[in-house]
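Please look over the sequence and the model shown here before reading on. The report that follows takes up strand pairing, the nonpolar core and the charged contacts in turn.

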Amino acid sequence: MTTLSNELSDITRERIKTIDIYISDNERAFADICITHNEIFYCLGTEDMREDGHISISDREFNHLYRGIINALKNSDCCCKHRTDLIRFKMAITLIDAEKISHNQASIVPHSITEIIECLSNECDEFIFLEGFKSLLP
């Protein structure tokens with residue numbers, strides 16, 4: 001059986017084309033984010049507002065984001081196996097050879113989702129919005 005850590009062990013910066021993340025509280029708020037090597041495209045929304053935009057990022061910022069996300073996913077193998085149904089979380093890493101590694105709230109632990117949220121919100125001020133989802137995670 002292949003573990004999540006084994007699946008991610010050979011992912012390098014050069015192999016990644018995009019990292020796509022979608023998170024929603026199933027009712028009132030959502031974030032749809034696409035990270036490339038030099039830009040982040042996003043759509044954030046609530047019942048009352050919607051913000052679409054993009055942010056240019058440096059190599060250092062991309063490296064920090066991809067490493068933080070990969071490490072959070074790898075940690076999903078060693079943490080407790082509690083799952084959550086209070087949020088909807090989808091993530092896909094698309095590689096340059098068109099292979100996709102996909103996960104959702106049923107395949108990774110809430111602690112890993114929290115780590116991904118922290119990685120994004122610490123790197124980009126626009127993603128402080130994501131901090132609100134952490135209260136829905138056990």
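## Strand pairing

In strand E4, Gly53 is the bridge partner of Tyr42. This is a predicted model, in which local features need pLDDT of at least 70 and side-chain atom pairs count only at pLDDT 80 or more, while totals for chains, interfaces and linings use all residues. Residues are numbered from 1 along each chain as its sequence is written, and side-chain values use heavy atoms, with hydrogens and water left out.

E3 and E4 (residues 50-56) pair in the antiparallel sense over 7 bridges, where two strands are said to pair if DSSP finds at least two bridges between them. A hairpin of 3 residues joins E3 to E4. E2 and E3 also pair in the antiparallel sense, over 7 bridges, and here Asp32 stands opposite Cys43 in E3. The hairpin that joins E2 to E3 runs through 3 residues. Because 6 of the 8 residues of E3 are buried, this strand is largely enclosed by the rest of the structure; buried means under 20% relative accessible area, exposed means over 50%, and partly exposed lies in between (1.4 Å probe, protein chains only).

## Overall layout

The secondary structure of the protein comes to 3 helices and 6 strands, where helices (H or I, at least four residues) and strands (E, at least two) are DSSP runs numbered from the N terminus. Read along the sequence, these follow the pattern α-β-β-β-β-α-β-β-α. Of the 138 residues of the protein, 46% count as buried. Among contacts with a separation of 6 or more, 59% are accounted for by residues 24 or more positions apart, a contact meaning heavy atoms within 4.5 Å. The accessible surface comes to about 7,300 Å², of which 47% belongs to carbon and sulfur atoms; these areas come from the Shrake-Rupley method with a 1.4 Å probe, and for residues only the protein chains shown count as cover.

## The nonpolar core

Which residues touch the most other members of the largest nonpolar core? Of its 39 residues, they are Ile33, Ile35, Ile93 and Phe127, a nonpolar core being a set of buried Ala, Val, Leu, Ile, Met, Phe, Trp, Tyr and Cys residues joined through side-chain atoms within 4.5 Å. The elements that give two or more residues to this core are E1, E2 (29-35), E3 (39-46), H2 (59-74), E5 (88-95) and H3 (110-123), and the largest share, 7 residues, comes from H2. Not counting residues up to four places away in sequence, Ile35 touches Lys17, Thr18, Ile19, Ile40, Ile57, Phe62, Leu65, Ile69 and Leu120.

## Charged contacts

A search of the whole structure finds 8 salt bridges, each a side-chain nitrogen of Lys or Arg within 4 Å of a carboxyl oxygen of Asp or Glu. The table lists some of them.

| Salt bridge | N to O distance |
|---|---|
| Asp59 and Arg13 | 2.6 Å |
| Arg50 and Asp52 | 2.9 Å |
| Glu118 and Lys134 | 3.0 Å |

The side chains of Asp59 and Arg13 meet in a salt bridge, and this pair links distant parts of the chain, with Asp59 in helix H2 and Arg13 in the loop between H1 and E1, 46 residues apart. Is Arg13 buried or exposed? At 18% relative accessibility, Arg13 counts as buried. The side chain of Arg13 also makes a polar contact with the side chain of His37 (3.2 Å); a polar contact is a pair of N or O atoms within 3.5 Å, and within protein one must be able to donate a hydrogen and the other to accept it, while residues adjacent in sequence count only if both atoms are side-chain atoms. Not counting residues up to four places away in sequence, Arg13 touches His37, Asp59, Phe62, Asn63 and Tyr66.

In the pair formed by Arg50 and Asp52, Arg50 is exposed, with a relative accessible area of 57%, whereas Asp52 counts as partly exposed at 49%. Glu118 forms a salt bridge with Lys134, and this pair also links distant parts of the chain, with Glu118 in helix H3 and Lys134 in the segment after H3, 16 residues apart. Glu118 is partly exposed, with a relative accessible area of 32%, and Lys134 counts as partly exposed at 22%. Arg15, Asp97 and Glu99 are linked in a network of salt bridges.
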